[in-house]
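Hello,

Here is the structure I promised to pass on to you. Have a look at it first, and then read my notes below.

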Amino acid sequence: MMRMLRMGRQALKAIATNRTRTVLMMLGVLIGVATLTVIASSVIGARAEVLARVEKFGLQQIGVIAGAGRKPGVPQPVCTSLKLEDAQAILSEIANVKDVCPEIVRTDFPVKRGNKSTYASIVATNSSWASMWGTGPETGRFLSQEDEVYRARVAVIGKTIRRDLFEYEDPVGKQILINNNPFEIIGVLEPRGTSPRGDDLDNQIVIPVSTGQKRVFRQDYLFAVKVEVSDSSEMSRTVNDVREFLRERHNLREGVEDDFTIVTPTLIMTMMSSLSTTFSLFLILVSGISLVVGAIVIANIMFMAVNERRGEIGLRRAVGARKRDILVQFLLEAVCVATTGGILGIALGLLGLKLLSGYMKLPAAIMWQPIVAGLVSAIVVGLIAGIQPAKKAANSHPIEALR
Amino acid sequence: MIKVENLFRTFQKGSLEVQILRGVSLRIRQGEFVSIMAPSGMGKSTLLNILGCLDKPTSGSYILDGIPVHNMDDDELSRMRNRKIGFVFQSFHLLPRMTAWENVILPLIYGDFEGDMKDRAVRVLQAIGLADRVDHLPRELSGGQQQRVAIARALINSPAIILADEPTGNLDSSSGREVMKIFHELHAVGTTMVVVTHDKEVALQADRIIEMKDGRISDDHATGSRSGEAA
């Protein structure tokens, strides 16, 4: 043990006195571990974030999107077959459906107030929207059922719209123009932050779906219907019921594809997990390659060092070092250098992550898994890269080495 | 101290077998100062390597300080080198990035020394006249001083025998004389000294000269230059 400590001191001294070589050796591992830390942290972080969102989206909710083979958030050609009446019929006809929420969403819609104007997302929906999305009015009130029945020109606005059009005024009771239709503001929504795609959810204006269809968009179809079920254990049966019901209403014969897409929480989770599997494979590949490169760099420089330090090896052998002592010294040098590179790499990675999360709104929590993985792989790289050069050093004959 | 009996050493050069040592027998007693002299290629380096436990004889026996060495494995030979032998080389072999005292303690690292290594190194360096060079790097020292650091390193484990291979070969004559003076001092306090050289002047400073030719001892005589200690 004592002897081991002494070998360690000798190894550290050799590392400390030959800085250029040490820095060169460290570089590969440093970069490899830094990449590993950044990618692993952001993948794990993103996954946790998405899972949290799926949970918030609700395990009792399914989405019906107009058009075949749709994925949430991916724009595709307009499909006009999903109607408001479909949504109402789903609510009244299908058992286990607790509530429905029809939706028409158009982004970048011009909105004016006096001489101020902005572009907003217009969401035409009903009174259930707030509870379905787990939000509500911060001031004023949300849409009511009467608003929908009377096609009232009322709007609930998000924080960003309020800031852009009203600054410090109280907007409730004031008017804005949406597509040159005057709307009365009845409430301001709670701040909702950013969507997974990076859209500002506070740049929305919510209006009654009937008003939207007749006065703003002039369309009789919907983009999506959100359905809430009462009993989530019956989810798959309800999904089936909704599908059969809509096929019948849309007169789709046997063999014809659905003209709508049903998105369930399980589907979203499956999509996410396959996405994160792909990410993880990518992560393993990228950091694997950089660590292999790091190992090759260390091994090469170590081989060079062994040749350069033949005199030292011979001298150490002459004054009593066993082969084992030389092996341990060189191996410790490699492992110490790799570990130091690993620690610096983790530090650099975390720093990069902080900068990155500042710029890109990446969810970047500091997690222990990437740190442990980085450290362990650095040590392993040091051992693998160091063993052959260390063996070569230990087996060089003292007489030859002293010559 | 050293008892060598009928030592052979052959090297394999391709398909050729080269006999370097052909039956060397030799005794060196405790406290003797011996020179081994030979022109290069006559086997003196090979003999020195075997005496220094860096190499093993092909056949024959070698007993060092009462311990048979010729059958030892690599680890045991390392231990013998560490305990019994102090090497002094022609080209000093100091580690360039380490200070004088760090170089001097190297043999202690591979032994079971317990205690303050630096303290011990400083004392040896003081004894050898380098008290003010303890923290210097080899490149900051003259050739003679470097060789003295190397001698301090050879002495730190109190070895039974000092083996010096052309110790003055890389030095100017005054530094060479200085080194030989230290050897005489060490001899005076009872250290066994073996100096390998081809320099007649250096060889003559010993009590006894062993001459080698073609892998055998060709002559072995007292110099009489010192107090009349017979060989």
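**A sheet in chain B**

In chain B, strand S1 (residues 2-13) and strand S4 (residues 59-64) run antiparallel and are joined by five bridges. Strands here are DSSP runs of type E with at least two residues, helices are runs of H or I with at least four, and both are numbered from the N terminus. Within this pairing, B:Val4 stands opposite B:Tyr62 in S4(B). The two strands belong to an open sheet of four, ordered S2-S1-S4-S5 (chain B), with antiparallel pairing; strands count as paired if DSSP finds at least two bridges between them. Strand S2 (16-28) and strand S5 (67-68) of chain B each have a single partner strand, so they stand at the edges with one side left without a neighbour in the sheet.

Before you go further, please keep in mind that this is a predicted model: local features need pLDDT of at least 70, side-chain atom pairs count only at pLDDT 80 or more, and totals for chains, interfaces and linings use all residues. Residues are numbered from 1 along each chain as its sequence is written, while chains are lettered from A and ligands numbered from 1 in the order in which they are written.

**Chain B as a whole**

Chain B holds eight helices and 10 strands. Its C-alpha atoms fill a box of roughly 50 × 40 × 35 Å along the principal axes. Of the 231 residues in chain B, 46% are buried. A residue is buried if 20 or more other C-beta atoms (placed from the backbone) lie within 10 Å of its own, exposed if 12 or fewer do, and partly exposed in between.

Two residues show how this works. B:Ser174, in helix H7 (residues 173-188) of chain B, is exposed because 8 other C-beta atoms lie within 10 Å. B:Thr99 sits in the loop between strand S6 (85-88) and helix H3 (100-104) of chain B, and is partly exposed, with 19 such atoms within 10 Å. The C-alpha atoms of B:Thr99 and B:His136 are 5.1 Å apart, although 37 residues separate them in sequence.

**Where the chains meet**

How many residues of chain B are in contact with chain A? There are 19, and they touch 18 residues of chain A; contact means that the C-beta atoms of two residues, placed from the backbone, lie within 7 Å. H2(B) gives the most to this side of chain B, with six residues.

**Chain A and the cores**

Chain A is divided into domain 1 (2-52 + 270-402) and domain 2 (80-258), with bounds from an automatic or database domain assignment. The C-alpha centres of these two domains lie 54 Å apart.

The largest nonpolar core has 117 residues, of which A:Ile298, A:Ala334 and B:Val104 touch the most other members. Such a core is a set of buried Ala, Val, Leu, Ile, Met, Phe, Trp, Tyr and Cys residues joined through C-beta atoms within 7 Å. Helix H11 (residues 323-360) of chain A gives the most to this core, with 13 residues. A second, separate core of 49 residues includes A:Leu165 and A:Phe260.

Happy exploring!
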